[in-house]
Amino acid sequence: MPEEPQLTPLQRRDRALVRLQEGRRALRQALEGIDPEDAFLGSRWSVWEVLKHLDAENFVDALEKISTGAMEMLPPFSSREDHLRKDIEHLEATYDRLQAVIEGLSEEQLALPVTPPNPVHSFPGLTMLELVERSAGHAGTHARQVELTRKYVAEFNARDRTVTILALGNDGAGSVPAKVQELVPFADYTAGDAASLELVRPWIRGLEAEIRTDNIEEIVSRMAREARAGLWTVICVPGSNPETDHPTLLNLARQHCEKVVIVT
């Protein structure tokens with residue numbers, strides 16, 4: 001195969017422009033005729049999330065400044081620790097501003113209409129006071145969400161990309177351990193044979209994957225792939241001791257998964 005000829009910087013620039021234009025045309029075509037409701041749906045990335053990801057305004061600003069000599073180079077990448085700290089500080093400053101705005105509202109300002117009614121979503125028009133009352137508990141609601149997420153990140157050993165085996169007990173729904181009942185609603189994928197899935201279905205909020213004798217390795221390896229992708233996966237099995245009750249499944253799990261945790 002002949003070597004690719006050496007390109008000049010301007011030729012490489014022009015090649016990058018061609019790729020940029022091709023990508024823009026492909027994006028326009030992909031977005032053509034999309035339903036606004038569908039744009040916010042998706043199991044991992046919605047169309048809207050993709051658009052937010054592609055918003056490169058800050059990147060373009062930086063390139064313009066570098067090209068005109070207003071800036072020497074891109075700022076160094078922040079560590080996750082720095083990024084998280086700055087986001088928390090920004091959030092605190094925003095809530096300080098919000099608190100100050102609310103504290104300064106007069107009775108006349110509280111009576112002002114601030115949102116029109118939205119009949120599509122059965123949302124009424126609100127006054128300033130009604131909007132403030134509705135939004136005042138927003139942080140508290142999501143604080144609980146953060147607490148639960150942190151709890152189950154630890155439970156699922158998410159940093160280690162763990163697949164979790166859940167033992168359901170031997171006596172039907174009444175024997176399913178409380179911890180198993182807590183974990184299943186937070187799983188992105190719940191796998192198990194038909195009887196196990198039927199047993200835990202009241203708590204399943206994610207996707208199901210039925211294990212049969214002819215697909216056990218396929219499902220186990222799939223759970224491992226999903227865990228490596230950062231999703232939370234569980235495999236439900238009957239009995240109280242998966243090591244002795246399901247040795248084949250455990251061997252497959254340890255073969256395909258980076259880490260296996262058993263919850264009984």
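## Salt bridges along and between helices

Glu89 and Arg85 lie 4 residues apart, about one turn of the helix, and both belong to helix 4, where helices (H or I, at least four residues) and strands (E, at least two) are DSSP runs numbered from the N terminus. The model is predicted, so local features need pLDDT of at least 70 and side-chain atom pairs count only at pLDDT 80 or more, while totals for chains, interfaces and linings use all residues. Residues are numbered from 1 along each chain as its sequence is written, and side-chain values use heavy atoms, with hydrogens and water left out.

Glu89 and Arg85 form a salt bridge in which the closest N and O atoms are 3.4 Å apart, the term denoting a side-chain nitrogen of Lys or Arg within 4 Å of a carboxyl oxygen of Asp or Glu. Glu89 is partly exposed at 45% relative accessibility, and Arg85 is also partly exposed, at 38% (buried means under 20% relative accessible area, exposed over 50%, partly exposed in between, with a 1.4 Å probe and protein chains only). In helix 7 (residues 138–155), Arg144 and Glu147 are 3 residues apart, about one turn of the helix, and their side chains meet in a salt bridge of 3.7 Å, N to O. Arg144 has 49% relative accessibility and therefore counts as partly exposed, as does Glu147 at 47%.

A salt bridge of 3.2 Å, N to O, brings together the side chains of Glu155 and Lys179. This pair links distant parts of the chain, with Glu155 in helix 7 and Lys179 in helix 8 (residues 178–183), 24 residues apart. Both partners are partly exposed, Glu155 at 23% relative accessibility and Lys179 at 37%.

## An enclosed strand

Strand 3 (residues 162–167) is largely enclosed by the rest of the structure, because 6 of its 6 residues are buried. Both of its faces are covered, with Thr162, Thr164 and Leu166 buried on one side and Val163, Ile165 and Ala167 buried on the other.

Strand 3 runs parallel to strand 7 (residues 259–263), to which 5 bridges join it, and it also pairs in the parallel sense with strand 6 (residues 233–237) over 5 bridges; two strands pair if DSSP finds at least two bridges between them. Ile165 has bridge partners in both neighbours, namely Ile262 in strand 7 and Ile235 in strand 6.

## Pocket and cavity

The largest pocket holds about 420 Å³ of space. Its lining includes Asp55, Asn58, Phe59, Phe77, His83 and Lys86. Helix 3 (57–67) and helix 4 (80–103) each supply at least two lining residues, and the largest share, 3 residues, comes from helix 3.

There is 1 cavity of 30 Å³ or more, and the largest cavity holds about 40 Å³ of space. Among the residues lining this cavity are Phe156, Arg161, Thr162, Trp232 and Thr233. On a 1 Å grid over the protein atoms alone, a cavity is a set of points where a 1.4 Å probe fits but cannot get out, whereas a pocket is an open set with protein on both sides within 12 Å along at least five of seven lines, and lining residues have an atom within 4 Å of a point. Grid points are joined across faces, edges and corners, and a volume is the space filled by probe spheres set on the points.
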